Amino acid sequence: MNDKKLIEIDNLEFSFNTYGGEVQAVRGVSFEVNQGEIVGIVGESGCGKSVTAQCLMKLNPEPPGFFKKGSIKYKGEEIISKTERQMRKIRGLEIGFVFQDPMTSLNPTMKIGKQIEEIFIERKMYSRGKMKEKALEILKTVGISDSETRYNQYPHELSGGMKQRVMIAIALVAEPSVVIADEPTTSLDVTIEAQILDLLRKLKEDLGKSVILITHDLGVIAKLCDRVLVMYGGKIVERGTVDEIFYETRHPYTSGLLSSIAGLDKKREDELSPILGTPPDLFSPPIGCPFAARCEHAMEICLEELPEEYEVSPEHKTMCWLENEQAPNIKLKAKSYEESDLI
Amino acid sequence: MTKENNPLMRVENLSKHFKIKEGQILKAVDDASFDIYRGETVGLVGESGCGKSTTGRCLVKLEQPTKGEVYFEDKEIYKHKYHKEYLQQQSQNIAEINPEQAKLDYTKDVQMIFQNPYSSLNPRMTVKDIVGEGIRLHHKNIKNKELEERIEYLLKDVGLSKDHISRFPHEFSGGQRQRIGIARALSVDPKFIVCDEPISALDVSVQAQVINMLKKIQKERDLTYLFIAHDLSVVKYISDKVVVMYLGNIVEKADSEDLYKNPMHPYTQALLSSIPIANPKIAKSRKRIVLEGELSSPINPKEQCRFADRCKHVMPICKENKPPLITYEENHEVACHLYKK
């Protein structure tokens, strides 16, 4: 893998002003994305994963949202200080975005073809014929058969899986180097989901693109990602390669997530072990570890002070007091699969 | 789990067709038959648009089937109200059957938990009104104090506290709302509950809480569930039997363990192989059957195997006639021309 860093985020904080006060959606997030890798961001709703991704393209409405701290660098250039006009040169051309809900993200009054070409029209990049050629080509790449007909159809004439492919086509048509996919398969059926995930993998393998994949589904992460960031309460609580996260889990939240899935290996007699309680309120986030209130291993210090990131291996870091040398040695709920259990 | 001879719910040749325009009929459910025994959980799986929710709605009388019968405790649930000829044949009873009463009695035994906890609770009603509505309907003279006691008891059962009784739905999180929905279903002490994707709108860690609770309540109250879902791993975990639907047809029906170990219908095989598994080594090495294309339209379907257009084992006969559901092995039925008796 090429070690070229495309995106570097350093200590990013992003908040929203609301009538109820300031919602601290992202509270100090740092990570980078290298060329040609798939980075997964996983977490529950409200953990700040979508806001983080939208910060990369400055898509969060400002106001009410505002950057509090930190920097986002794309190919060494600072994003936060860019104006709306400058951002338009980055959106779609440098970074593509696949939105969560294909049913509502497409414009119902525009033909598919026009929506794909829209990015070129404003920039007057190509002639009309060349634009159409590009659009048809990208429709084929994302696996839409009969692209000539689809080009002239409206979104309501397409099924959910098709619309999601069109969304991916729009994100890809200007050949950006990074694609951010925000829950690209959440509203789709499993068989269609499998097709879309295959397509995303091809982006990386055949076209050498970087992908940031945001999801709450650990199954999707396992199938696709190289590196994983686990987010909770606006912070990254654990990060590592996909194998490290799944087989050498260090953070109690990650371990809790893994053991609350009703996987295929679960017997009917086994109880699922859910994480009790609910995520923290980001109006007044806890001073200590965000997960402390729900953590079964919580100690006094967890409630009082925020743990630093401990390095387990060069890639694998976890934000948990249990890593401290003074902490008791605790074995997390291990998740073991028997290969024979699976089809 | 003891099985009685008679199923609690017997569905026979159930069809639900919707007329869209002149000459266009959408066959949402076509000729579906299955039995549900007392105390068991039957999973109903399939992709969106395959008719699983419509089937569930027919069982709780939210939808009037076009054809077929649904027997609950050996009584046909639709004939009371809608079929005059039937009532006339049974003329000795006609005076006794009050259709409104019959429907009310039925709703006391059969309840439903809905998919979306955000839209299935009335935002202008308090928890007390939502959960108490059913109790009031069946116990017209209930005293306010007794009603509140009952509601508090129900709330405790589903893991909410009695302080929540006078709050409104918007004050709760998704998981808590789904608990209110479950308390509402339990309030009339039903025997049978249709769970229509009860967890798909919830977060992973909360899903496990709700599943555990559904299992606990089932044990305590001796309930029978029809569990509709598209998440196959959850269905495997919770169900005794699984029914797989594709475009309005039942394609396979088997005991849960058996179905996942030995899926027979090519569609079931593809469906099972595309479940995302939260284990990178297995997920990457596993052979997946990626289905080409998408669900074809259920409007005026051809008389052929509905899966034929996407099936890789397709044979000429598949396009000529529709395979019937046959018992291939004990407790394992499949509708596919690949399997002959």
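## The open sheet of chain B

In this predicted model, chain B holds an open sheet of 4 strands in the order E2-E1-E4-E5, with antiparallel pairing. Strands here are DSSP runs (E) of at least two residues and helices are runs (H or I) of at least four, both numbered from the N terminus; two strands pair if DSSP finds at least two bridges between them. Strand E2 (24–36) and strand E5 (75–76) of chain B are the edge strands, each pairing on one side only.

Strand E1 (residues 9–21) of chain B runs antiparallel to E2(B), and 9 bridges join them. Lys19(B) stands opposite Ile25(B) in E2(B). Helix H1 (residues 52–59) of chain B packs on the sheet, where it touches E1, E2 and strand E4 (67–72) of chain B. Touching, or contact, is a matter of C-beta atoms, placed from the backbone, lying within 7 Å. The direction of H1(B) makes about 115° with that of E1(B).

## A helix pair in chain A

Let's turn to two helices of chain A. Helix H4 (residues 112–123) and helix H5 (residues 128–141) of chain A pack with their axes 9 Å apart, at an angle of about 120°. Axes are lines fitted to C-alpha atoms, for helices over the stretch in contact, and angles run from 0 to 180 degrees between N-to-C directions. That angle makes H4(A) oblique to H5(A); angles under 35 degrees count as roughly parallel, over 145 as roughly antiparallel, 65 to 115 as roughly perpendicular and the rest as oblique.

From H4(A), the contact uses Gly113(A), Ile116(A), Glu117(A) and Phe120(A); from H5(A), Met131(A), Lys132(A), Ala135(A) and Ile138(A).

## Two domains in chain A

The domain assignment, automatic or from a database, gives chain A domain 1 (5–225) and domain 2 (250–337). Their centres, taken over C-alpha atoms, are 30 Å apart. In their contact, 10 residues of domain 1 of chain A meet 7 residues of domain 2 of chain A. Strand E2 (residues 21–34) of chain A gives the most to the domain 1 side, with 5 residues.

## Where the chains meet

Chain A brings 42 residues to the contact with chain B, and chain B brings 35. On the chain A side, the largest share, 7 residues, comes from H8(A).

## Reading the model

Residues are numbered from 1 along each chain as its sequence is written, while chains are lettered from A and ligands numbered from 1 in the order in which they are written. Local features need pLDDT of at least 70 and side-chain atom pairs count only at pLDDT 80 or more, whereas totals for chains, interfaces and linings use all residues.

Definitions and conventions
Contact = placed C-beta atoms within 7 Å.
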